[in-house]
Amino acid sequence: MLIAPSLLAADFTQIGNEARRAFIAGADWLHLDVMDGHFVDNVSFGPDVCAAVRRAVGPTAFLDAHLMITAPDHYYPRFVKAGVNLICIHAELDGQVDLSATLRGIREAGVQCGLAVNPATPWEACLPYLEAVDMVLVMSVVPGFGGQSFMGEVLDKVRALAAWRKEHGASFLIQMDGGIGAEQAPLCREAGADCLVAGSSTFRAKSMSDAIMTMRNA
Ligand SMILES: O=C(CO)[C@@H](O)[C@H](O)COP(=O)(O)O
Ligand SMILES: [Fe+2]
């Protein structure tokens, strides 16, 4: 099980130190929540902050950018340039954005690509793209803010995606994001998730390393 602390819950006055703190505590990935105030009702940070995080953590740490933005096709090259390892875009943009071309462009730039679904979006929205992604992200909160409660009803989507993957011999990872801590991690794992994003339960834990270890051993 990969654990990806979300930098959204970090102390923003200490962003570089906070990013390093996550890896020192045993994080597998660092999750970077990018919000544009259009796709979600919040604004966070953009490619320049991601590039600063890369400088802080060094060349080998895995950075996972979750783009909650309406124009990922326009902006993804800037996140590639910032040095992230994976760029995840939202399936809800289907019809507005050429998702196939964007996913292909991300991969051709040498970066892994992912497709995310909101709690209200059926997993089948990913179906046309499942051969073309490295990861599917199943949101377990309505995106926009950290610190929300886990929505257990999305676990059925994780089960369905895991079943599809097995049946088709596919290898994409299944990530879950939102409201995840020690209590939710075993449920996510049982359903078939491979990577858990956790903001509040890691950065705001008394011991980040204990919090990460507990979730990983779920
Ligand atoms: O993408 C999002 C929210 O939109 C998440 O990555 C959250 O930032 C996770 O934070 P917690 O729910 O774990 O506090
Ligand atoms: Fe996220």
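**View 1. The largest nonpolar core of this predicted model has 70 residues.** Leu-30, Ala-65, Val-84, Ile-87, Val-158 and Leu-196 touch the most other members. Strand 2 (residues 29-35) gives the largest share of this core, 5 residues. A nonpolar core is a set of buried Ala, Val, Leu, Ile, Met, Phe, Trp, Tyr and Cys residues joined through C-beta atoms within 7 Å. Buried means 20 or more other C-beta atoms within 10 Å of a residue's own; exposed means 12 or fewer; partly exposed is in between; C-beta atoms are placed from the backbone. In soluble globular proteins, nonpolar side chains tend to be buried together.

**View 2. Val-84 and its contacts.** Leaving aside neighbours within four places in sequence, Val-84 is in contact with Leu-32, Cys-50, Leu-63, Ala-65, Phe-79 and Val-111. Contact means that two C-beta atoms, placed from the backbone, lie within 7 Å.

**View 3. Gly-144 in its loop.** The loop runs between strand 6 (135-139) and helix 5 (155-168). Helices (H or I, at least four residues) and strands (E, at least two) are DSSP runs, numbered from the N terminus. Gly-144 counts as partly exposed because it has 17 C-beta neighbours inside 10 Å. Beyond four places in sequence, Gly-144 is in contact with Met-35, Val-40, Asp-41 and Asn-42.

**View 4. Ser-200 in helix 7 (residues 200-203).** Ser-200 has 18 other C-beta atoms within 10 Å, so it is partly exposed. Not counting residues up to four places away in sequence, Ser-200 touches Ala-9, Gly-146 and Gly-147. An unreviewed UniProt entry places the feature "binding site" at several residues, including Gly-144, Gly-146, Gly-147 and Ser-200. UniProt positions follow the numbering used here, feature names are shortened, and annotations may be inferred rather than shown by experiment.

**Notes.** Residues are numbered from 1 along each chain as its sequence is written, while chains are lettered from A and ligands numbered from 1 in the order in which they are written. In this predicted model, local features need pLDDT of at least 70, side-chain atom pairs count only at pLDDT 80 or more, and totals for chains, interfaces and linings use all residues.
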